[in-house]
Amino acid sequence: MSLKALDYESLNENVKNCQYAVRGELYLRASELQKEGKKIIFTNVGNPHALGQKPLTFPRQVVALCQAPFLLDNPNVGMIFPADAIARAKHYLSLTSGGLGAYSDSRGLPGVRKEVAEFIQRRDGYPSDPELIFLTDGASKGVMQILNCVIRDQKDGILVPVPQYPLYSATISLLGGTLVPYYLEETDNWGLDVNNLRQSVAQARSQGITVRAMVIINPGNPTGQCLSEANLREILKFCCDERLVLLGDEVYQQNIYQDERPFISSKKVLMDMGAPLSKEVQLISFHTVSKGYWGECGQRGGYFEMTNIPPRTVEEIYKVASIALSPNVSAQIFMGLMVSPPKPGDISYDQFVRESKGILESLRRRARIMTDGFNSCKNVVCNFTEGAMYSFPQIKLPSKAIQAAKQAGKVPDVFYCLKLLEATGISTVPGSGFGQKEGVFHLRTTILPAEEEMPEIMESFKKFNDEFMSQYADRFGYSRM
Amino acid sequence: MRRFVIGQAKNIVDQTRRRLQPHHHHHHNNLRLLSLLRTPASDSTPRLFSSSSDMSASDSTSSSLPVSLDSINPKVLKCEYAVRGEIVSIAQRLQDDLKTNKDAYPFDEIIYCNIGNPQSLGQQPITFFREVLALCSHTALLDESATHGLFSSDSIDRAWKILDQIPGKATGAYSHSQGIKGLRDAIAAGIEARDGFPADPNDIFMTDGASPGVHMMMQLLISSEKDGILCPIPQYPLYSASIALHGGSLVPYYLDEASGWGLEISELKKQLEDAKSKGITVRALAVINPGNPTGQVLSEENQRDVVDFCKKEGLVLLADEVYQENVYVPDKKFHSFKKVARSMGYGEKDISLVSFQSISKGYYGECGKRGGYMEVTGFTSDVREQIYKVASVNLCSNISGQILASLVMSPPKPGDDSYDSYIAEKEGILSSLASRAKTLEEALNKLEGVTCNRAEGAMYLFPCINLPQKAIAAAEAAKTAPDAFYCKRLLNATGIVVVPGSGFRQVPGTWHFRCTILPQEDKIPAIVNRLTEFHKSFMDEFRD
């Protein structure tokens, strides 16, 4: 046999180093069990429709009409589509050059980018420029494009929260950069302490790393906290002082489950701070159609907005976007619909409000059921899910369990999550996939299982957990912590 | 799979630790860096604060910004993508200006021949495909009786069949990172029907268009500039751009224009040896068949030689087969490289082969959907796991693109309700493309100093223009490549947008442009006239 060009040893090391736990060992085992006929509750990915959430009707009607534009010429189209959906479909088709089947501008359809800019302006009270908004195939693609522009080599560092959504660690690995972690304080409701940030940056610099960017995820993934305005001001000031571009992952901005801290965008806070900061701090904000009450993950639609990025750099980002030709057009239309939903007086308005409120209110109740459920379990503590789609309980594993994990060749939280999966069918992601303090273990679940199934799920979790804790109970107390 | 998942905990930071602390290999404390970073401020901190505030006080120009031209990834600066480059920007400005300033131009519309984007030029989508997509987009339609009056019966059946393959019928959910299994089954069956050799759905990775698949493979193959990829010249600039972005080396092999853009094995060997002598390890050979921008369709015999070459030299064969449905001449036929390899008796163990397919091309031309797949064969399972992992970071490709990719590989069959209309639409598009290719090729060959190989396949003509010295001098004075100079003049005189050959690379000293065959048939005579007139006046101005 002749030599192979692509054997494991010769693969790009950056690829080998990259980790992405959300679809890792636990997910694969769960898929196997499902094939064997076991009922699996997938709470590993924020994928609402997979767990039975129904899509909003109006956007699906509009996109169906755009998929089959010949329906618009059929006199009977009004029998199965409301007039406002028909009008909207015509509107979006008029923004394209060739419908859903033609590549758009590589930055996305200009008409949709204008609607996004208007939405941002309504949300923040400050103008937004459609030329600085790029539509993407989901927010992840945008994050990858931007990090690709920022990272030159392993001397370039990106500040990333720990715990973090592993998209960041995976992408930084793939691009050969260096992840500079900053800890969120679990005991302070996953708060972000700017003093920690300073230390992280100073430490990294003393080791020859050029820290270039800072990632915040607000509301937090996997941690579910909502950042306060005061905290965002500190962060922006910090980015200004340290000359960092701020990457604001704001994909969960519709998912808020408490009233003390409504979502506030980094862009608004920055503009509120006024000059010179508002003219200096570089900010890139990300959004998506996959989250919120839309949950249209399968569409792969998103955008990023750039603030204070010099025009020639924007052109370079445009060039890289153009190599991928264009983001998919139907998701661009979903994005247009998300930022300009039906208005009062429209035929579909009432139904749209009913559906979206129904989803959000149920998510709020589920966040409560879930965190309360976790907190009722032995050796489990969980901050309330203020926003986003996840609970991130801490599991205080007894040292006997940690020993057993080591014997099985597993990281302790992976060991726990695998046992949980086998016993209950609940598929979670071990905290180690997101990063956590040494000796502390977590898991991430989504709050997305159907509300009516939630009590039963929490009961079976509790039963498993409490038995696990008894089985591995230490002689002297339960936890190392 | 386990191997890369074990130790998740440490790996996020482990790598960082390794890089930051080359002298501390012996520490096995996984989270050492994190705890280090959390120690109270050391005495170096005040110095850092003052230095950073100095920086913010002294410098407010854009060069001090974290993200500016001086500080972005140089690989980004280096890559080029001419299909949407300068000429297209000028065209877009002209188009905007035309709306208000019609009389200022000798033409009344911009005709985009720069990009293979058929539906933007009026090509209609295949009705059956769109019916199925509409039903899958809004599944409530399937419960309405009126739907039966508006949709063909087999589109309704097909939509049900597809929805049954999607867990929970949820077209709004992320799928398996390789794509929905049932759809991959349909694609594998389609490949099997096409080639007569088995295809495994687990070998299929569905992607947002073919381009992300190409990027993924480059990412795996390229570690540094010492890794080379053999690419045809002229080539579709996705390859040069992707190689530049990943920091590898493009190893060119020249197609022979005189023999209809022939691919000579002796040229491959020569370039491979040349690269080796420069210390470059060639990892893969990219072949575009049918060719882009060159339009040739490889003969089976030629393909066999290519397969043997890759096998012998241990190269991954990257087969860009996105134009497999676009063949316009009766004496040529598309053969997939996998079929050729298998018919030579080469199996999984003999050759590593990746075949790329897209829904953007063919008779369907569904560019805006961003659907495609790669079929990956001949890799060890540990490499396959890595491909899956990289795919999973982006979660999955878009679902309507996935559905369409499965439809393209399993279209209506004889006896189905839509079969006749499907065939009529398909053949209408393909025969019209063939006649447009012929008309344009003949017109180009009539121009003074222009020679053009026929478009046997794909969507492009790539004529060679023998530019007069005076024109080359004028281009140099204008600081433009001579072919770009010609293309800009063409645009300004006629509104026709083509891409200069330099965007695809070409034999030094020769000049070309790429022109799609996609404008609708009724526009072709006017294009021919305008092009002919322009070329004549250009030659009159610059003839030596």
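Biologist: Taking helices (H or I, at least four residues) and strands (E, at least two) as DSSP runs, numbered from the N terminus, how much of residues 169-524 of chain B is helix and how much is strand?

Modeller: This is a predicted model, and in it the span 169-524 of chain B is 40% helix and 16% strand, with its end C-alpha atoms 45 Å apart.

Biologist: What does UniProt call that stretch of chain B?

Modeller: The unreviewed UniProt entry annotates residues 169-524 of chain B as "domain: Aminotransferase class I/classII large". For chain A, the unreviewed UniProt entry places the feature "domain: Aminotransferase class I/classII large" at residues 84-459, a span that is 44% helix and 16% strand and whose end C-alpha atoms lie 45 Å apart.

Biologist: Let's stay with chain B, then. In what order do the strands of its seven-stranded open sheet run?

Modeller: The order is β2-β8-β7-β6-β5-β3-β4, and the pairing in this open sheet of chain B is mixed. Its edge strands are β2 (204-207) and β4 (249-254), each of which pairs on one side only. Averaged over the sheet, and ignoring direction, neighbouring strands are turned by 20 degrees against each other.

Biologist: And how do β7 and β8 of chain B run, parallel or antiparallel?

Modeller: They run antiparallel, with six bridges joining β7 (residues 353-358) to β8 (residues 372-377) in chain B. If you want a pair to find on screen, B:Val354 has B:Val376 of β8(B) opposite.

Biologist: Which strands does helix α14 of chain B lie across?

Modeller: Helix α14 (residues 300-313) lies across β3 (227-233), β5 (281-288) and β6 (316-320) of chain B, and its direction makes about 165 degrees with β5(B). The loop between β5 and α14 of chain B holds B:Pro293, which is joined to B:Asn292 by a cis peptide bond with omega at about 10 degrees.

Biologist: Where is the cis bond in chain A?

Modeller: In chain A, a cis peptide bond joins A:Asn221 and A:Pro222, with omega at about 10 degrees, and A:Pro222 belongs to the loop between β6 (210-217) and α10 (229-242).

Biologist: While we're on chain A, how many strands are in its open sheet, and which stand at the edges?

Modeller: Eight strands form it, in the order β2-β9-β8-β7-β6-β3-β4-β5, with mixed pairing. The edges are β2 (133-136) and β5 (191-192) of chain A; each has a single partner strand, so one side of each has no neighbour in the sheet. Within chain A, six bridges pair β8 (residues 283-288) with β9 (residues 302-307) in the antiparallel sense, and A:Ser285 has A:Glu305 as its bridge partner in β9(A). Helix α6 (residues 110-124) of chain A lies across β2, β8 and β9, running at about 115 degrees to β2(A).

Biologist: Switching to helix packing: at what angle do α15 and α18 of chain A pack?

Modeller: Helix α15 (residues 349-375) and helix α18 (residues 454-471) of chain A pack at about 15 degrees, with axes 10 Å apart. Angles under 35 degrees count as roughly parallel, and α15(A) and α18(A) are therefore roughly parallel to each other.

Biologist: Which residues make that contact?

Modeller: From α15(A) there are A:Arg366, A:Ile369, A:Met370, A:Gly373 and A:Phe374, and from α18(A) there are A:Met454, A:Met458 and A:Phe461. The residues of this contact of α15(A) with α18(A) divide into six nonpolar, one polar and one charged.

Biologist: Back to chain B for a moment: how do α7 and α9 pack?

Modeller: Helix α7 (residues 127-137) and helix α9 (residues 153-165) of chain B pack at about 50 degrees, their axes 9 Å apart, and α7(B) and α9(B) are therefore oblique to each other. The crossing of α7(B) past α9(B) is right-handed. Among the residues that meet there are B:Phe128 and B:Leu135 in α7(B) and B:Ile156 and B:Leu163 in α9(B); the residues of the contact of α7(B) with α9(B) are eight nonpolar, one polar and three charged.

Conventions
Residues numbered from 1 in each chain as written. Chains lettered and ligands numbered in written order. Predicted model: local features only at pLDDT ≥ 70, side-chain atom pairs only at ≥ 80, totals over all residues. Heavy atoms only, no water. UniProt positions renumbered as here; feature names shortened; annotations may be inferred. Pairing = 2+ DSSP bridges. Axes fitted to C-alpha atoms, helices over the stretch in contact; angles between N-to-C directions. Contact = heavy atoms within 4.5 Å. Parallel < 35°, antiparallel > 145°, perpendicular 65-115°, else oblique. Left-handed = near helix turned anticlockwise from the far one by under 90°. Nonpolar A, V, L, I, M, F, W, Y, C, P; charged D, E, K, R; others polar.
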